[in-house]
Amino acid sequence: MDEAFADLTGLPEPLLQLGHDVRADVLQKTGIPVGIGIAPTKTLAKLANAAAKRWQRQTGGVVDIREPHRRDRLLQVMAVGEVWGIGRRLQAHLADMGIKTAWDLAKADPRLLRKRFSVVVEKTARELTGVACLEMEPQAPAKREICCSRSFGHRVHTLGELREAVATYATRAAEKLRQQQSLCSLLQVGIRTGLFNTNEERISRSVTCHLPYPTDDTRLLVQSAIAGLDKIYKAGPAYAKASVMLMDLRQRHEYTPDLFAPTQPAGTDQLMQTMDQINQRWGKGTIRPGRIPTKSEWQMQRQLLSAAFTTRFDQLWTVRAGPFP
């Protein structure tokens with residue numbers, strides 16, 4: 001699974017035991033074995049994590065390299081290609097300089113690395129020595145664009161079905177927009193036919209719609225998306241896919257409305273918050289725009305979708321014990 005970084009400042013010692021407790025808790029609740037690396041920098045923590053996964057039997061899945069002698073011993077046995085951010089091409093160039101292990105990279109001249117490669121390689125080398133150069137990011141940065149796009153379960157010919165699909169995608173995109181506390185000023189809607197059937201007419205069209213004001217209102221986004229769809233729709237072709245993309249995003253705390261420009265009505269925020277709370281409590285789609293049907297034939301076929309054994313209670317394995325001989 002993907003690694004996550006966490007600031008351990010203020011946590012009680014011993015951190016090694018805490019790492020084993022966290023790993024056991026994750027394994028018990030999800031059934032997923034994980035590796036935990038403890039180190040003073042992000043690059044070293046990533047390297048320790050790789051060692052924890054590689055030598056699980058010896059380490060128990062947790063490696064702590066805060067002590068210099070433990071850190072140096074690990075650097076000497078790890079290839080430079082194991083270091084976070086060192087790709088194959090860069091590894092080959094480093095090998096030409098005699099840098100073959102993480103230890104060699106840590107001992108290299110940082111100024112020379114910066115001059116020959118980049119400041120990123122210099123920071124990586126300094127991080128291997130225990131000097132923190134990469135800041136912790138407690139939250140992923142907000143997306144600059146949000147796109148919702150799906151292929152249809154079968155070819156769509158009618159404008160009515162396309163409107164349903166575009167309304168559905170605009171609603172999903174609006175939910176993602178509110179999750180990251182952003183507002184949208186531009187919306188792009190697109191439709192296209194299949195790409196591989198030579199007997200079908202090939203069409204790919206899109207249009208960008210300017211919204212009257214930055215908004216996260218599902219109703220306005222759906223209305224604008226359908227209006228854009230009506231402009232680009234052409235009767236006749238068999239459409240295979242539609243998309244809705246929200247652009248020109250800005251965070252709420254970064255946006256200062258124009259005194260003389262229209263703004264989102266005050267009641268909209270409370271309405272959208274209430275709608276999201278109801279859908280979170282009672283299930284997705286409990287409250288939705290009237291244009292979105294409960295079931296539709298154009299939706300993507302998902303018969304071969306893998307079961308979500310570890311995230312959904314309704315898809316947990318059912319085990320039955322039969323009579324024993």
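Me: First up, which residue forms a salt bridge with Arg126?
Reply: Glu122 does, and the closest N and O atoms of the pair are 3.1 Å apart. A salt bridge here is a side-chain nitrogen of Lys or Arg within 4 Å of a carboxyl oxygen of Asp or Glu. Keep in mind that this is a predicted model, where local features need pLDDT of at least 70 and side-chain atom pairs count only at pLDDT 80 or more, while totals for chains, interfaces and linings use all residues. Residues are numbered from 1 along each chain as its sequence is written, and side-chain values use heavy atoms, with hydrogens and water left out.

Me: Where do Arg126 and Glu122 sit relative to each other?
Reply: They are 4 residues apart in helix α8 (residues 119-128), so about one helical turn separates them. Helices (H or I, at least four residues) and strands (E, at least two) are DSSP runs, numbered from the N terminus.

Me: Is Glu122 buried or exposed?
Reply: Glu122 is buried, at 8% relative accessible area, whereas Arg126 is partly exposed at 32%. The cut-offs are under 20% for buried, over 50% for exposed and partly exposed in between (1.4 Å probe, protein chains only).

Me: What else does Glu122 touch?
Reply: Not counting residues up to four places away in sequence, Glu122 touches Pro110 and Arg114. Contact means heavy atoms within 4.5 Å. Arg114 also belongs to a network of salt bridges with Glu122 and Arg126.

Me: How many salt bridges are there in the whole structure?
Reply: A search finds 14. One of them joins Arg252 and Asp216, at 2.7 Å from N to O. Arg252 lies in the loop between β6 (239-251) and α11 (266-282) and Asp216 in the loop between β5 (204-215) and α10 (218-232), so this pair ties together parts that are 36 residues apart in sequence.

Me: Buried or exposed, what about Asp216?
Reply: Asp216 is buried, with 5% relative accessible area. Arg252 is partly exposed at 30%.

Me: And which residue does Arg111 pair with?
Reply: Asp109, with 3.7 Å from N to O. Arg111 is exposed at 64%, and Asp109 is partly exposed at 37%.

Me: Switching to packing. How do α2 and α8 cross?
Reply: Their axes come within 7 Å and cross at roughly 70°, which means α2 is roughly perpendicular to α8. The axes are lines fitted to C-alpha atoms, for helices over the stretch in contact, with angles from 0 to 180 degrees between N-to-C directions. Angles under 35 degrees count as roughly parallel, over 145 as roughly antiparallel, 65 to 115 as roughly perpendicular and the rest as oblique.

Me: What's the handedness of that crossing?
Reply: The α2 and α8 crossing is right-handed. A crossing is left-handed if the near helix is turned anticlockwise from the far one by less than a right angle, and right-handed if clockwise.

Me: Which residues meet there?
Reply: Lys42, Thr43, Leu44 and Leu47 in α2 meet Thr124, Glu127 and Leu128 in α8.

Me: What do the buried residues of α8 pack against?
Reply: They pack against α2, α4 (68-77), α5 (88-96), α6 (102-107) and α7 (110-116). Among those buried residues are Val121, Ala125 and Leu128.

Me: How about α2 and α4, how do they cross?
Reply: The α2 and α4 axes come within 11 Å and cross at roughly 70°. That crossing is left-handed. Leu44, Leu47, Ala48 and Ala51 of α2 make the contact with Arg71, Leu74 and Leu75 of α4.

Me: Where does Thr41 lie?
Reply: Thr41 is in the loop between β1 (36-38) and α2 (42-54), and it is buried at 4%. A polar atom of the Thr41 side chain lies 3.1 Å from the backbone oxygen of Glu127. Leaving aside neighbours within four places in sequence, Thr41 is in contact with Glu127, Gly130, Val131 and Ala132.

Me: Last topic, backbone. What is phi of Gln181?
Reply: Near 60°, a positive value in a residue other than glycine. Gln181 is in the loop between α9 (159-179) and β4 (182-193). Asp248 has a positive phi too, near 55°, and is found in strand β6.

How values were computed: A polar contact is a pair of N or O atoms within 3.5 Å; within protein, one must be able to donate a hydrogen and the other to accept it, and residues adjacent in sequence count only if both atoms are side-chain atoms.
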